[in-house]
Amino acid sequence: DYSNALIVGERFRKAVEDSDFDGIRITISVGLAHFEGGDTRLDHKRFIDIADRALYKAKENGRNRVEIT
């Protein structure tokens, strides 16, 4: 569900941030799409587009963060 997706996204983002890449600090922005099953018109291309917009929102809001639509 929505809140679990945010938790998983944040865990992933934090794991990358906390990893040691030979002294190089790496951060990521994560964009997630949320689907509850009600909209049967939603195909995989549209779903990816929604997640992509969430990713750009994360970047616009300061990077190194998780956004979900």
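At 25% relative accessibility, His34 counts as partly exposed (between buried, under 20% relative accessible area, and exposed, over 50%, with a 1.4 Å probe and protein chains only). The model you see is predicted: local features need pLDDT of at least 70 and side-chain atom pairs 80 or more, while totals for chains, interfaces and linings use all residues. Residues are numbered from 1 along each chain as its sequence is written, and side-chain values use heavy atoms, without hydrogens and water.

Beyond its neighbours within four places in sequence, His34 is in contact (heavy atoms within 4.5 Å) with Asp1, Tyr2, Phe47, Ile68 and Thr69. Two distances are worth a look:

| Pair | What is compared | Distance |
|---|---|---|
| His34 and Thr69 | C-alpha to C-alpha | 6.0 Å |
| His34 and Tyr2 | His34 side chain to Tyr2 backbone nitrogen | 3.4 Å |

His34 and Thr69 are 35 residues apart in sequence.

Now to helix H1, which spans residues 2–18. Gly9, Arg13 and Val16 are buried there. They lie on the same side of H1 because they cover an arc of only 60° around the axis, taken from the directions from the helix axis to the C-beta atoms. Val8, Arg11 and Asp18 are exposed on the other side of H1. E1 and strand E2 (66–68) are among what covers the buried residues of H1.

As for confidence, the chain has a mean pLDDT of 91 (the predictor's confidence in each residue, from 0 to 100), and 99% of its residues reach 70 or more.

Conventions. A polar contact is a pair of N or O atoms within 3.5 Å; within protein, one must be able to donate a hydrogen and the other to accept it, and residues adjacent in sequence count only if both atoms are side-chain atoms. Helices (H or I, at least four residues) and strands (E, at least two) are DSSP runs, numbered from the N terminus. The expected span of a helix is 1.5 Å times one less than its number of residues.
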